[in-house]
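Hi everyone, thanks for making time this morning. I have one structure to share, so let me put it up on the screen.

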Amino acid sequence: MSTAKKDYKKITTKSLTEMKNNGEKIAMLTAYDYTMAKIVDNAGIDIILVGDSASNVMAGHETTLPITLDQMIYHASSVVRATNRSLVVVDLPFGSYQGNSKSALDSAIRIMKESGGHSVKLEGGSEISESISRILTAGIPVMGHLGLTPQSIYKFGTFTVRAKEEEEAKKLIEDAKLLEELGCFALVLEKIPAKLAKEVAESLSIPVIGIGAGNDVDGQVLVTHDMLGMTHEFHPRFLRRYLDLYSEMTGAFETYITDVKSRDFPNKNEQY
Ligand code: KIV
């Protein structure tokens with residue numbers, strides 16, 4: 001498999017299809033604020049996802065359900081201000097698109113207009129096909145999301161691997177085909193067997209980005225705070241930690257507290 005890397009000045013939905021066709025893997029991470037997005041974008045990430053995981057990571061909720069459209073727009077606009085190269089995908093939050101296709105379109109338009117994001121992501125397959133079509137007819141690029149869809153966590157009951165049984169796997173394959181036919185530019189597959197993810201990625205012409213879906217897909221996504229080791233109470237098998245920032249930051253805060261208490265900080269060079 002080629003690891004060739006073309007030098008894209010700006011990533012578009014077209015660049016992502018080209019990457020898939022050229023066998024170049026797509027790297028995607030989350031960001032919810034200006035400072036993190038700036039670092040992630042400068043590092044050369046292809047897609048920044050303003051995920052509704054902000055509900056967990058930024059706000060401390062147990063699920064992604066409570067985050068509102070206004071809050072997503074706030075996070076997304078901060079990320080867009082920091083971004084030069086990456087394609088910014090913004091999650092439509094729970095309740096902002098399931099009602100009917102008109103409310104889905106209204107929500108997507110608000111995201112595009114008020115945040116400057118480049119595309120939206122919705123969770124689900126055939127049950128939200130009308131909403132996806134309507135958003136697409138307005139010229140808004142849509143990324144799909146199948147497998148473990150955290151907005152439906154109360155239906156699933158657990159965060160375990162999805163589509164292990166034949167019936168659910170069959171429905172996932174059908175939904176993936178449908179999303180491609182509708183015109184989605186890419187698809188996220190979350191926490192499903194690697195063999196199934198490979199089958200889907202090979203059968204679609206749009207890029208398939210995995211999280212807990214193995215290596216035989218077209219790209220990978222992780223939650224940035226998880227891969228940096230800031231959220232140390234969360235350790236699913238699919239998560240590779242690139243840093244242990246929780247420990248690093250705790251050490252820095254402890255040293256600062258000691259320096260302040262001992263009057264070591266600030267010194268003569270750190271004052272006016
Ligand atoms: O909200 C999110 O961070 C996501 C990723 C886990 C794909 O949807």
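I'll talk about the ligand and its surroundings, and then about a few paired strands.

Before we start, please keep in mind that this is a predicted model.

So, where does the ligand sit? The ligand is found in the largest pocket. Around the ligand you'll find Thr30, Leu49, Gly51, Asp52, Ser53, Asp91, Lys121, His145, Glu190, Ile211 and Val223. Sorted by class, that shell comprises 4 charged, 4 polar and 3 nonpolar residues.

Ser53 places a polar side-chain atom 2.5 Å from an oxygen atom of the ligand. For Lys121, the distance from a side-chain N or O atom to a ligand oxygen is 2.9 Å. With Asp91, an N or O atom of the side chain is 3.1 Å from an oxygen atom of the ligand. And how much of the ligand does the protein bury? On its own the ligand would expose 260 Å², and the protein buries 96% of that.

Now for the strands. If you find strand 8, residues 219-222, you'll see that it runs parallel to strand 1, residues 26-30, and that 4 bridges join the two. Within that pair, Leu29 stands opposite Leu222. Strand 8 is also joined to strand 7, residues 208-211, by 2 bridges, and these two run parallel as well. There, Gly210 has Gln220 as its bridge partner.

Methods:
Residues are numbered from 1 along each chain as its sequence is written. This is a predicted model: local features need pLDDT of at least 70, side-chain atom pairs count only at pLDDT 80 or more; totals for chains, interfaces and linings use all residues. Side-chain values use heavy atoms; hydrogens and water are left out. A residue is near a molecule or strand if one of its heavy atoms lies within 4 Å of it. A polar contact is a pair of N or O atoms within 3.5 Å; within protein, one must be able to donate a hydrogen and the other to accept it, and residues adjacent in sequence count only if both atoms are side-chain atoms. Accessible areas come from the Shrake-Rupley method with a 1.4 Å probe; for residues, only the protein chains shown count as cover. On a 1 Å grid over the protein atoms alone, a cavity is a set of points where a 1.4 Å probe fits but cannot get out, and a pocket is an open set with protein on both sides within 12 Å along at least five of seven lines; lining residues have an atom within 4 Å of a point. A molecule sits in a cavity or pocket if more than half of its atoms lie within 2 Å of its grid points. Ala, Val, Leu, Ile, Met, Phe, Trp, Tyr, Cys and Pro count as nonpolar, Asp, Glu, Lys and Arg as charged, and the others, Gly among them, as polar. Two strands pair if DSSP finds at least two bridges between them.
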